Amino acid sequence: MSFDAFGLDPLILKAVAEEGYTEPTPIQAQAIPVVLQGGDVMGAAQTGTGKTAGFTLPILQLLAPHQNVSPSPARHPVRALILLPTRELALQVAESVATYGRHMQIRSTCVFGGVDIGPQLKIVRAGVEILIATPGRLLDHVEHKSVNLGQVQILVLDEADRMLDMGFMPDIKRIIGLLPAQRQNLLFSATFSDEIKRLAGGILRNPKVIEVARRNATADKVRQVAYAVAADEKRALLKHLVETRDIRQAIVFCNTKLGTARLARHLEREGLKAEAIHGDKSQLERIAALDKFKAGEAHLLVATDVAARGLDIQEMPCVINYELPHSPEDYVHRIGRTGRAGAEGDAISFFSADEERYLIDIEKLIKVKIERAAARGFEPVADEPHFHAGRRERSRGRFDRESPSRHTRNVKTEKVDPWFLKPYEEGTAPTSAPPAKANEPAPPATPARKAGVGALLGGLAKKP
């Protein structure tokens, strides 16, 4: 089957051919005809299988009759609205829309937070037919009265599961309330959860459910392997693998923004070209880091899960989970950055003793036993014998934690005088009095220390 079979506009087909695509992917082959017929779609497929083109191409076809070169904003109302959870995803989809529609007279733009809204206001007010947006920034434009959603014909919710995870549901409901009741709705997601199905039930009308792969499946051509390694040996193992396997391009995932920044700085000090991308970076800094990575100026992109979804870098050879995600679904999205469009890829994961439970949860979700491997030529610190090749003490069903830590080994100990270890023993102080003179009565005896202590603790009993 070729793209010609869909009856797409020659200008769209020309752009597709220029990108080197000849045959649609399974999700595209099933979704495009339904969208062209005006039906609602609920689509799911493995990440990297072409979901974006699955709705971009038919949207361009449906809007083709509205092409015009008029400078009037009234001739360019928003007819298609595409909502995404993150800036990176929004930019990715905007790039696809611009690529496939470059020969058409259809305006499109992307609006997202984290940058000055001023330049966006100018573009949106000039009129666009296709608006790609994150929910929060779109509502900002609504408040500025720069955008009118009253003529939207097609609504797309992309990566809907991620939007739910990020708490965008109230914003989505508010946006939907601004749209015409009669419209076409498309919902695409890498995974289908029960929450997504409930969301679809409130938005879609008799949707065509398209699921070309089982839920939470990983790409067949992605080789998955896990290395058991002590937490403080991960950086050394990462450097070892990059050098011995000659890894020229890889995304390294961490769980925290602070850990991401620290790891990137450490790799730079080790002579490796690395860039960091996380939520504390400004949008311009994140775009600059991505551009360096795509251009090959940086070999490693150290990132939080902000890069786990929708980041499309062609021929990404390797993804490394420096830290395993706490949510198994995030693992599916992380390794989906490699092995895209049927290509091969490697997904490498590090796990310490405390992270093994996350690896087990991941295996249960994807229903695949991930290979445990040892790094050739890499010798962990001798103080951590339980991490060699992922060996475990099977009788206990856990990693061996009985070996003393290297922080407590070879510590010089000094002998302690046992007198200091004896418990306190209360004694009676000897009384000392001046010698008595002749023919003088002896002075009264000094009370014992016990009596003195008793007085301090509460006083002595009064004599009758």
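A salt bridge is a side-chain nitrogen of Lys or Arg within 4 Å of a carboxyl oxygen of Asp or Glu. In this predicted model, the side chains of Arg102 and Glu19 form such a pair, with a distance of 3.2 Å from N to O. The link joins distant parts of the chain, since the two residues lie 83 residues apart. Arg102 belongs to the loop between α4 (87-100) and β3 (108-111), whereas Glu19 belongs to the loop between α1 (10-18) and α2 (26-36). Across the whole structure, a search finds 16 salt bridges.

Attention may now turn to positive charge on the surface. Arg235, Arg262, Arg265 and Arg269 gather there in a positive patch. The most is given to this patch by helix α11, which spans residues 257-269 and provides 3 residues.

Another helix to consider is α10, which covers residues 234-244 and includes Lys239. Lys239 and Leu267 are separated by 28 residues in sequence, and their C-alpha atoms are 7.8 Å apart in space. When residues up to four places away in sequence are not counted, Lys239 touches Glu270 and Leu272.

The chain has a mean pLDDT of 81, and 75% of its residues reach 70 or more. Over residues 381-413, however, the pLDDT is below 50. Beyond near neighbours in sequence, this stretch has 40 contacts in the model.

Note on methods
Residues numbered from 1 in each chain as written. Predicted model: local features only at pLDDT ≥ 70, side-chain atom pairs only at ≥ 80, totals over all residues. Heavy atoms only, no water. pLDDT = per-residue confidence, 0-100. Contact = heavy atoms within 4.5 Å. Patch = residues over 30% accessible without salt bridge, like charges linked within 9 Å, V, L, I, M, F, W, Y side chains within 5 Å. Areas by Shrake-Rupley, 256 points an atom, 1.4 Å probe, with all protein chains shown as cover. Lys, Arg positive; Asp, Glu negative; His and termini not counted. Charge placed at Lys NZ, Arg CZ, Asp CG, Glu CD. Helix = DSSP H or I, 4+ residues; strand = E, 2+ residues; numbered from the N terminus.
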